[in-house]
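Visitor: I have a structure open and would like to talk it through with you. Could you guide me?

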Amino acid sequence: MALKSQSDFRTDVKLGERLRAERQRMGINQTELAGLGHVSLNTQHRYESGGLPSLEYMLRIGEAGADWYWIITGQHINAEPLDSQTAELVKLLQRLPDQFK
């Protein structure tokens, strides 16, 4: 089944609204995000108004720092940073010879 609109991705907020919110979080305007995504300003506007972005576009803006997973799903990946003691323990464990891991 082909996806025809963002309603196929709806959670609690529309995909276009999340794309706009992410652009604003990044502190850039539509022209700048269009450039990062290698699309025209008209295409960027269409995406933020409800058009379905291409996979290539999503990968490009993701490489530029956009949270593409949240834009698509409406969910953030919870990856809390390690506290300093845990981070140090991980570094020590990584240095162990394979026979002791």
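Predicted model: local features only at pLDDT ≥ 70, side-chain atom pairs only at ≥ 80, totals over all residues.

Visitor: Which kind of aromatic pair do Trp68 and Tyr69 form?
Guide: The structure holds 2 aromatic pairs. In the one formed by Trp68 and Tyr69, the centres are 5.9 Å apart and the planes are at 80 degrees. Planes over 60 degrees apart count as edge-to-face. The pair of Trp68 and Tyr69 is therefore edge-to-face.

Visitor: And what is the relative accessible area of Trp68?
Guide: Trp68 is also a partner in that edge-to-face pair. Its class is partly exposed, and the relative accessible area of Trp68 is 41%.

Visitor: Where do the buried residues of α3 lie around the helix axis?
Guide: Helix α3 spans residues 41-48, and Thr43, Gln44, Tyr47 and Glu48 are buried there. They cover an arc of only 135 degrees around the axis, which means that they sit on the same side of α3.

Visitor: Which elements do the buried residues of α3 pack against?
Guide: The protein chain has 6 helices and 0 strands. Packing here rests on contacts, with heavy atoms within 4.5 Å. For the buried residues of α3, the partners are α1 (15-26), α2 (30-37) and α4 (55-63).

Visitor: Which residue just after α3 takes a positive phi?
Guide: Helix α3 covers residues 41-48. Just after α3, a positive phi of about 125 degrees is taken by Gly50.

Conventions. Residues numbered from 1 in each chain as written. Heavy atoms only, no water. Phe/Tyr/Trp six-rings, centres within 6.5 Å; stacked < 30°, edge-to-face > 60°. Buried < 20%, exposed > 50% of the residue type's maximum accessible area, 1.4 Å probe, protein only. Helix = DSSP H or I, 4+ residues; strand = E, 2+ residues; numbered from the N terminus. Arc of directions from axis to C-beta.
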